[in-house]
Amino acid sequence: MPRFAAILVAMSTLFILSCASPPRVSVDMDLASQPTFYLDDWVRRGYPQVMVRPEGRPEIPPNALFMPLRVTQQMQHPTLVGTNVSRMVWQTWLQQRVFPVIEFADQATPYRQDLALRLARMKGAQVVVGGYVTYFVEGGTAGDTRVSLQIEILDVASGQLLWSMAHTALLERQFTNDYLLFATKARMPSDPTWAVVQTVSADMGKEVHDWLYPPAPKAPSKPDAFQ
């Protein structure tokens with residue numbers, strides 16, 4: 001098979017694979033050297049595990065106070081890691097407009113239910129959001145990044161646990177693969193930790209957003225007049 005034809009076959013194969021999975025493909029190629037295909041790495045995750053979910057929904061979406069997440073893993077500087085991860089989750093929920101108002105208590109101590117409820121009452125919030133960073137590995141652009149979170153949402157007036165859910169995601173560092181006619185290289189996002197935390201928090205934020213702002217029911221399809 002001529003070299004150019006083989007390259008076209010390889011491009012077609014990678015294009016089909018890219019359409020069937022999240023990575024995007026680009027190519028750096030000239031006819032005088034081995035072409036290189038670049039595939040964007042993507043965050044792998046399943047679905048959030050919801051352990052506690054409210055049966056009903058409030059008439060008016062509540063204002064929330066977001067507490068720094070507590071790190072349960074043994075590591076250096078757990079409070080700093082917890083605060084940084086918490087800020088990413090909070091920013092994601094702000095973008096999603098999960099609650100009409102969501103204040104981040106960045107100066108508070110890591111999440112503890114009794115202290116969180118006390119502070120939320122002082123600030124006039126109707127719900128308090130807290131939880132735990134149960135696993136955290138920051139691989140940067142040279143290694144794997146994995147984040148596991150557990151989020152709790154409490155009703156401030158009663159102290160009742162409204163939501164409890166957990167979620168995890170992984171961004172694996174891929175390596176270069178050299179073939180006879182071409183090579184493939186993976187490209188990491190510029191900030192892998194942000195990519196993973198944003199994915200995890202957006203999935204959990206959607207659960208809460210859909211509880212407070214349920215999607216409008218689809219209108220029934222009109223019958224065919226010619227049937």
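**Packing, aromatic pairs and salt bridges**

The buried residues of α3 pack against β5, β8 and β9; contact here means heavy atoms within 4.5 Å. The model is a predicted one, in which local features need pLDDT of at least 70 and side-chain atom pairs count only at pLDDT 80 or more, whereas totals for chains, interfaces and linings use all residues. Residues are numbered from 1 along each chain as its sequence is written, and side-chain values use heavy atoms, with hydrogens and water left out. Helices (H or I, at least four residues) and strands (E, at least two) are DSSP runs, numbered from the N terminus. Buried denotes under 20% relative accessible area, exposed over 50%, and partly exposed the range in between (1.4 Å probe, protein chains only).

In α3, the buried residues are Ala-116, Leu-117 and Ala-120. They lie on the same side of α3, because they cover an arc of only 95 degrees around the axis; the arc is that of the directions from the helix axis to the C-beta atoms. Just after α3, Gly-124 adopts a positive phi of about 80 degrees.

The account now turns to the nonpolar cores. Such a core is a set of buried Ala, Val, Leu, Ile, Met, Phe, Trp, Tyr and Cys residues joined through side-chain atoms within 4.5 Å. The largest one has 36 residues, of which Trp-93, Phe-99, Leu-149, Ile-153 and Val-208 touch the most other members. At least two residues of this core come from each of β5 (64-66), α2 (78-96), β7 (102-104), β8 (127-137), β9 (145-155), β10 (161-171) and α4 (192-212). The largest share, eight residues, is supplied by α4. What does Phe-99 touch, not counting residues up to four places away in sequence? Its contacts are Pro-62, Ala-64, Trp-93, Val-127, Val-129, Ile-153, Val-208, Leu-212 and Tyr-213.

Rings of Phe, Tyr and Trp (its six-membered ring) pair if their centres lie within 6.5 Å; planes under 30 degrees apart count as stacked, over 60 as edge-to-face and the rest as tilted. Another edge-to-face pair consists of Tyr-111 and Tyr-132, 5.6 Å centre to centre with 75 degrees between the planes. This pair links distant parts of the chain, 21 residues apart: Tyr-111 is in the loop between β7 and α3, and Tyr-132 is in strand β8. Tyr-111 counts as buried, at 1% relative accessibility. One aromatic cluster is formed by Phe-66, Trp-90, Trp-93, Phe-99 and Phe-104.

Charged side chains come next. Side chains of opposite charge can pair when their charged atoms come close. A salt bridge is counted when a side-chain nitrogen of Lys or Arg lies within 4 Å of a carboxyl oxygen of Asp or Glu, and the structure holds seven of them. In one, the side chains of Asp-106 and Arg-87 meet at 3.8 Å, N to O. Asp-106 is in the loop between β7 and α3 (113-123), and Arg-87 is in helix α2, so the pair ties together parts that are 19 residues apart in sequence. Both are partly exposed: Asp-106 has a relative accessible area of 34%, and Arg-87 one of 29%.

A further salt bridge joins Arg-112 to Asp-114 at 2.8 Å, N to O. Arg-112 is partly exposed at 41% relative accessibility, as is Asp-114 with a relative accessible area of 37%. In the salt bridge between Lys-206 and Asp-210, the closest N and O atoms are 2.7 Å apart. Lys-206 and Asp-210 are separated by about one helical turn, because they are four residues apart in helix α4. Asp-210 is partly exposed, with a relative accessible area of 26%.
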